[in-house]
Amino acid sequence: MASGRVGNRIAKLIICHGSSISSLRAWPTTAAFTAQPWTCLGSRMAAVQELAPFGARAASSQIVRTRMKSVKSIQKITKAMKMVAASKLRGIQAKAENSRGLWQPFVALLGDNPGISVKKKVIVTVSSDKGLCGGINSTSVKYSKALLRMNALMGADKETKYVIIGEKGKAQLQRDSRKAISFFVGETQKIGVCFTQVAMIADDILKKNKADVYQVVFNKFASMVSFLPTVATVLSTEMLAAGIDGTGGGLESYELEDVDMPSEIYDNLAEFQFAAVLYNAMLENACSEAGARMRAMENSTQNASDMLERLTLTYNRTRQTSITTELIEIISGAAALEG
Amino acid sequence: MLSRQGVRSGLRAWCAAATARPLLARGFADAASEKKEKVFGEAQVTDKFKEDWKKIAPNFDMPKFPSNFMEARPPVSPTIPAKLTVNFVLPSQYELQAKQVDYVIVPATSGQMGVLPGHVPTIAELKPGILSVHDGTEVKQYFVSSGFAFVHANSVTDIVAIEAVPLDRFDPDEVRKGVQEYNQKMNSAKDDLEKAEAQIGVQVHSALQSALGIS
């Protein structure tokens, strides 16, 4: 599970940090103190060799103690991050739920046509700026790539471009689809998502990419544990004016108020729909991000406390072993003297 | 004891009947007023899309679509319904959700347009002005910035606006000042963009002025 991966990543951080400290304090020694107690923590960590400072028998307990301190601080950090994510979620969840009505009139009028075959398509991938939020960004990117392949399936002359919102999506898509990226919008969450900002972004996207269909890929916040990847389709002005099959009822049956400017009306309709859909998408994705981060941090805290328990046991065992060894030496020495 | 059991089962049956009765009688209005979208409608996805999806991404579930999350709209009835169903949405909230009213007057670009049940399907772009919702003797007035109004064949009206504020929230002095300010800006505009922005300001403020009934 993705959050398990985060926990393991944090665990590896601790190990590297711990071993670097011990190597700083270790004098060169021929005997490597193999860390037997570590085998209980799984094969991934057994590969780390512990070097105790020369001549110090109880040194390994110091290593364990350092490690315990790091794990405890990691636990506190992840707990705090979870609280922060929870408070962010509360704020943004109300906004997202209220914005859900915004795109409904457009879908009621124009219908939902995700499989439409067009010459030029723009896929807007909504992702987060910050990490440690579980698998939602990978999901967005996965589905964007699938949509691109689907468009390619429909013909060799079909062109698809990405517009990426959010740093994490850019990092993932840059690796293999660099050419297909049109442009990138970052740092949208700094001032919070508001309709004015989204309208400006939408305007930018529409100006720089004249496409027939815009598809927005985002994670819809269904509940605290479920984030559903969703694809919202917006048709451009030309498609609306041309009147495509499959639109709800066909726009021909609708009379246009102010008939002398139909193209302007279609223009505004397409642009407004795009801004509305993008607004809802960004809010929902922000909600999903906060929820996923809460879950990931919760799992990390749980992993850290489990790790702390095992470290405590190891520490006690090491400590008791060293005491026993000392006692044995003293007693056998005394017994030898007595004869 | 038997009588208690009987009472309990009777109570359960009564509860079931009570919850079932409203469900049966539930029309579009009640179903749509449930903000928790637990009931997913059918996605309007073509079979070709499903096939293509299976070809390119057999291991992923199909994504969800907005049509999954929308309640189905009522069908077009042969007779003109008695009341108009109005959905008035803003980016920040659902202002009116599936409200049954007598008629609404929307500020379309071609003038104030009245929408009654049985109105011909229309797409109207809105200009800044007053939107009034009339239900019997109740009249609710909002000043809307701009947006769209869709009237469907089934007498459902969707009004989407960016900002809508009840009229009593406006300060007349500020409105007057705004008109003067934007008129000045329009006269001193250097390029087309500034002129357009000033024009929008003048339009909104004059509409506000006439809406509030001040000179």
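Analyst: Happy to! Across the interface of chain A and chain B, the rule finds 0 salt bridges. Please keep in mind that this is a predicted model.

User: What makes a pair a salt bridge under that rule?

Analyst: A side-chain nitrogen of Lys or Arg has to be within 4 Å of a carboxyl oxygen of Asp or Glu. Between chain A and chain B the count of such bridges is 0. Polar contacts are another matter: 7 residue pairs make them between chain A and chain B, both residues being at pLDDT 80 or more.

User: Which kinds of residues make up the side of chain A that touches chain B?

Analyst: That side divides into 25 nonpolar, 9 polar and 9 charged residues. About 4,200 Å² is buried between the two chains, 70% of it on carbon and sulfur atoms.

User: Why are β6(A) and β5(B) called paired?

Analyst: Pairing needs at least two bridges. β6(A) and β5(B), residues 122-126 of chain B, have 2 bridges in the parallel sense, so they count as paired.

User: Why is A:Thr237 called buried?

Analyst: Buried means under 20% relative accessible area. A:Thr237 has 16%, so the label applies.

User: How do you know that the side chain of A:Thr237 makes a polar contact with A:Asp267?

Analyst: The cut-off for the N or O atoms is within 3.5 Å, and these two side chains make their polar contact at 3.0 Å. A:Thr237, which lies in helix α8 of chain A, also touches residues including A:Ser263 and A:Tyr266.

Note on methods: Residues numbered from 1 in each chain as written. Chains lettered and ligands numbered in written order. Heavy atoms only, no water. Buried area = accessible area lost by both parts, 1.4 Å probe. Polar contact = N/O pair within 3.5 Å; in protein donor to acceptor, adjacent residues only side chain to side chain. Nonpolar A, V, L, I, M, F, W, Y, C, P; charged D, E, K, R; others polar. Helix = DSSP H or I, 4+ residues; strand = E, 2+ residues; numbered from the N terminus. Buried < 20%, exposed > 50% of the residue type's maximum accessible area, 1.4 Å probe, protein only. Contact = heavy atoms within 4.5 Å. Lists of a residue's contacts leave out its neighbours within four places in sequence.
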